Amino acid sequence: MSTNEPTGAPLAPNQDPKAQEKPRKTRKIKTTKDVNGVPQEIEIEVEDVDGPRWGERKDLKVLNTELRRVDGPVKVTGRARYTHDVRLPGMVYARLLCCPYPSAEVTIDVQDALKLPGVEAAIVLETKTRFLGQPIAVVAGRTSDHADDALRALKVTYKPLPWAVDRAQALAEGAPNVRKNGNKGKPGQNGDRAEAEAAIAAAPAKLEATYSVPVQHHASLETHGVVIDYRGGEEATVYISTQWTFAAVGQVAELLGLKANQVTAIVEHMGGGFGSKFDLGSEGAVACRVAKELKKPVHLMLRRPDEFVMAGNRSGNRVTYKAGMNADGTLAGLVANAEKFGGLGDGSMARPPYVYSAGKTYSEVVAVYTNTDSNRAMRAPGHPQASFGMEAVLDELAYQLGLDLLEVRKANLKDKVWHRQLERVAKEIGWFEHPHRTKPGPNSGGKELGIGFGISTWGGGGSGGTECDVQLAKDGSVTVSVGTQDLGTGSRTLVTAIVAEEFGLQLGDVVARIGNSRLPSATGSGGSTTTGSLSPAVKDAAWNARNAFAEHLAPILKTEAALVRFAGGKVFSQANPNAAMTWKQACATLRDAGLNAHGKWDKDRAAALMGNGVHGAQAAKVEVDTLTGRVRVLEMVGIQDCGLPINRTAVRSQLNGGMVQSLSYALFEERVIDPVLGLALNANFEDYKLAGPSEIPKMTSIIDDDDQRSATIGMAEPAIVPGHSAIANAVHNACGARVRDLPLTPDKVLAALGRIA
Amino acid sequence: MKSFTLFNPKSLGDAVGALAAPTSSVKVLAGGQDLLTEMKEHLVEPDKLVNLKGVPGLDRIEFTAAGACTIGALVTVGALEEHAGVRERLRVLAEAAGSVGSPQIRSVGTVGGNLCQRPRCWYYRSEHAKCLKKGGDECFSFSGQNKYNAILGGGPSYIVHPSDLAPALVALGATVTLKCSTGERQVALERFFTLPGEGDIRRETVLRDDEVLTHVHVPAPAAGMQSTYVKFRERGSYDFALASVALALWRDGARVKEARVVLGGVAPIPWRAKAAEAALAGAAFEAATFARAADGAVQGAEGFGQNDYKIPLTKGLVQRALQSCG
Ligand SMILES: Cc1cc2nc3c(=O)[nH]c(=O)nc-3n(C[C@H](O)[C@H](O)[C@H](O)COP(=O)(O)OP(=O)(O)OC[C@H]3O[C@@H](n4cnc5c(N)ncnc54)[C@H](O)[C@@H]3O)c2cc1C
């Protein structure tokens with residue numbers, strides 16, 4: 001699953017519903033209808049469809065409404081079982097020892113550890129390390145305390161090797177080679193530099209400035225990890241906190257020397273991944289090794305400090321923009337020189353200019369490597385990084401020309417959907433009454449209010465590989481089965497809702513079985529592709545089940561299958577709505593085994609159900625205390641299109657979550673490593689600051705209902721793209737403090753205000 | 001963490017008795033909010049904990065008729081914050097208590113533990129950094145990541161004292177009772193905390209290993225006291241102070257009679273800003289005075305890079321604290 005690399009230039013989404021519609025076909029059915037007890041010949045026109053459709057929005061009873069998540073009660077009562085909670089007979093707890101230095105030669109004596117009571121294994125994994133946090137040993141004990149004691153009993157000596165953990169060290173003369181070919185990747189170039197420079201030179205307003213964002217952590221509440229249930233023999237089960245149930249199967253099988261059909265993966269509930277959990281990971285591989293050696297179940301969940309250093313990150317970046325703006329607010333040209341900091345990885349950065357048209361453009365993007373763990377995909381890889389500088393450049397140039405920040409955005413956006421969205425968030429946040437629309441507020445010594453904007457884009461379409469079963473039991477119960485995973489995003493509810501809608505039932509009438517590799521296959525959840533991959537497959541299965549059930553019921557209802565209707569918990573013929581059976585009565589006519597139907601994501605049928613390409617806009621209102629540098633976000637407004645919302649609450653949750661996560665990125669989050677000592681300084685939830693309850697502003701999340709595409713589209717990623725940019729712009733707008741380096745901590749705000757001597 | 005034995009004394013006598021002649025390393029345990037973290041991170045590895053929680057009589061807040069207040073060491077920060085008498089008569093203390101950590105931390109952390117807690121400096125908290133505080137010979141913050149470190153106090157260690165209660169209590173002129181198996185002593189809180197240059201650099205207070213802090217005594221404030229605690233934290237939900245100001249103020253009409261200004265988060269001890277107090281005493285209660293007091297508060301302050309901002313920040317907070325008494 002490739003979700004890491006952003007797709008060059010951001011795509012141009014098409015919100016036109018016609019782009020995706022197929023011509024509507026109908027046919028007429030001759031039938032009889034009772035009119036006052038007298039049967040009469042009539043003709044009924046029915047839709048003649050070659051596959052499932054979502055139908056008219058006004059007819060939907062479950063979809064496009066506000067649904068509570070079906071697993072809410074088990075989660076809030078603690079009954080939901082996460083990987084971390086799995087306890088098996090004879091299980092041992094494993095712990096990793098991670099190298100505290102970015103690069104070192106390591107010698108480890110495991111003898112003392114092995115002699116401790118309750119300790120079952122102590123294995124050296126690595127003797128020469130390349131990144132801070134690289135696992136160098138694993139121990140296992142009968143309890144987690146035994147494992148902790150074993151860790152402490154390892155006799156370790158570190159011989160630090162030269163390292164580079166930040167930009168300065170990586171690019172210094174004589175820097176150690178982080179990767180074989182040096183500390184810089186191959187630059188990606190686009191556009192004609194001379195042409196862009198000339199356009200900028202000729203523009204009335206010009207700017208050259210460097211913007212940077214730090215390395216951020218995914219900070220999933222559940223750390224990475226697995227429980228491997230293997231006791232020798234020919235079978236194994238892996239419980240895993242993953243975004244892709246099926247990916248683990250083959251990997252575990254290979255490591256244990258089994259076949260894929262001997263391994264089951266289980267992801268009952270999952271505590272977040274944000275892009276960092278796509279495969280078994282090195283921790284999972286180590287757990288397999290221990291399980292194979294001990295022939296006992298192994299529980300290996302990362303401890304929080306280890307999670308911070310070895311489980312991926314969102315790459316930082318540093319971009320120098322040169323840009324010129326015409327008097328009418330259109331950009332004349334833009335040159336961007338970007339460096340990405342993804343540790344041993346390549347980092348990610350959507351190609352500048354981000355979304356906006358910028359006249360003549362040239363960009364150069366290069367990875368700078370350091371001895372830290374490789375970046376992984378993180379919610380909209382590359383987009384938040386690219387958004388930050390781009391949105392700032394627009395504001396800074398607009399101020400030079402005394403232009404309205406909203407109008408300048410519109411002037412550089414061809415797609416009118418963004419115009420409409422920007423105007424909506426502007427209205428909601430009070431832009432039109434705001435006093436500082438064309439120049440920043442004063443550095444007054446008091447508290448000042450500012451507003452900022454940002455926009456986003458994403459794909460969000462799905463792809464093949466997902467299949468689904470729907471079963472109707474004779475007692476009326478309904479089960480939908482698909483091996484997909486619910487990361488906390490609500491896919492279990494989505495699956496349930498689609499089937500309930502199909503049969504005119506309520507959410508509670510359907511049970512979803514997910515998160516198990518013995519169920520029909522499903523794709524991984526990355527890049528907002530889950531909705532577009534899952535919903536067509538589930539809809540297909542539900543539709544097939546409905547057609548099969550209608551065929552079965554037609555003779556019983558003395559009608560044709562095409563006229564059988566399911567609504568409000570009842571089943572009837574369209575010709576005779578009064579002669580209805582209850583759902584239970586209808587199901588009672590099934591054979592003992594009930595009714596089973598299968599469906600899948602089929603390219604042609606899915607094309608009528610899912611779409612691709614979304615727009616979003618956000619606005620933030622902040623208060624800056626110009627005496628202390630304190631930034632408070634007072635309000636955020638986000639709007640997002642997503643075609644047909646399956647669950648409006650879930651869509652709004654994604655928007656709210658995106659805004660909160662971007663607020664945290666704007667104000668607090670940053671990985672800190674001491675470059676000289678090579679130590680991670682804030683690898684815990686106290687010093688790595690995440691926004692908490694008091695930071696949450698008034699939030700308005702708006703689903704863009706002007707988007708009438710009858711297609712489902714994932715929208716988790718774009719929700720996180722523009723919030724931090726809007727906040728930084730709002731700070732500038734409030735008081736003239738332009739902080740070009742996130743996070744917007746008081747030290748930087750005070751410096752930007754010129755208040756530090 | 002390393003295994004230890006837990007001793008649950010039923011009386012103060014038993015508690016100090018257990019500290020008297022330790023055969024192995026012993027630590028006093030109160031709410032455990034700080035100590036257990038230190039143990040998990042292997043910064044301290046005691047063999048034995050003396051758990052004060054079962055010791056009777058240390059969890060009360062009592063006012064005398066004259067208005068003096070005695071606070072038991074086991075009173076939780078939350079109980080202090082919510083106590084009606086404290087809110088009414090010792091506002092700076094109630095506000096300081098309310099600014100500590102999060103509700104969860106306040107409900108468990110105790111007053112004694114809060115005053116005896118260890119520094120949060122991330123070099124001190126990193127097992128692999130052998131810093132001055134841990135017996136090494138360098139304070140890494142000086143040339144390292146010093147955004148949260150001290151601007152006052154003069155080193156050679158640049159930790160900041162993390163307690164919010166301490167500046168408030170120093171502003172109120174509090175004393176503490178320290179008890180050992182052979183007796184007890186009263187120490188003014190201002191003398192309880194020691195600068196790194198003064199005493200054992202590995203400690204922040206004069207508390208000895210065989211002593212328990214049993215009570216905090218706040219004398220009855222002179223009539224007419226106005227007081228407030230202004231704390232600046234990066235993250236509102238829970239955070240230690242980047243800088244804070246405890247202010248107690250007496251006015252005589254439009255003039256300041258006397259003021260106590262104590263800073264938190266900027267020095268290794270709660271920092272009595274005497275120059276600020278002098279600038280206020282006898283001066284008109286007005287913006288120009290506030291500005292002079294703000295300058296006085298940071299007299300001698302020195303940043304070394306990433307913590308430079310604490311100087312204007314502290315000045316701003318002093319002004320804000322004074323304005324709020326207007
Ligand atoms: C996440 C977090 C955020 C926090 N935020 C703040 C904050 O914003 N402001 C603030 O002021 N504090 C803050 N704290 C600190 C918290 O208030 C203290 O950790 C707590 O008050 C310590 O109290 P305790 O009772 O838990 O002490 P313990 O952890 O039990 O003890 C702390 C230390 O004091 C010693 N000790 C305790 N009681 C006595 C006694 N009576 N006599 C002698 N020695 C004693 C112990 O031996 C130990 O060394 C925070 C703590 C955490 C974990």
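**Terms and their grounds**

Modeller: In chain A, 61% of the 757 residues are buried (under 20% relative accessible area; over 50% is exposed and in between is partly exposed, with a 1.4 Å probe and protein chains only). The model is predicted: local features need pLDDT of at least 70, side-chain atom pairs count only at pLDDT 80 or more, and totals for chains, interfaces and linings use all residues. Residues are numbered from 1 along each chain as its sequence is written, chains are lettered from A and ligands numbered from 1 in the order in which they are written, and side-chain values use heavy atoms, without hydrogens and water.

Colleague: Why is chain A called as compact as a globular protein of that length?
Modeller: The radius of gyration of chain A is 29 Å, close to the 27 Å from the globule rule for 757 residues, so the description applies. The radius is taken over C-alpha atoms, and the rule is 2.2 Å times the number of residues to the power 0.38.

Colleague: What makes α11(B) oblique to α12(B)?
Modeller: Helix α11 (residues 287-297) and helix α12 (residues 310-324) of chain B pack at about 140°, with axes 8 Å apart. Under 35 degrees counts as roughly parallel, over 145 as roughly antiparallel, 65 to 115 as roughly perpendicular and the rest as oblique; α11(B) is therefore oblique to α12(B).

Colleague: Which residues of α11(B) and α12(B) meet?
Modeller: Among them are B:Phe290 and B:Ala294 in α11(B), and B:Val318 and B:Leu322 in α12(B); contact means heavy atoms within 4.5 Å.

Terms used
Axes are lines fitted to C-alpha atoms, for helices over the stretch in contact, and angles run from 0 to 180 degrees between N-to-C directions. Helices (H or I, at least four residues) and strands (E, at least two) are DSSP runs, numbered from the N terminus.
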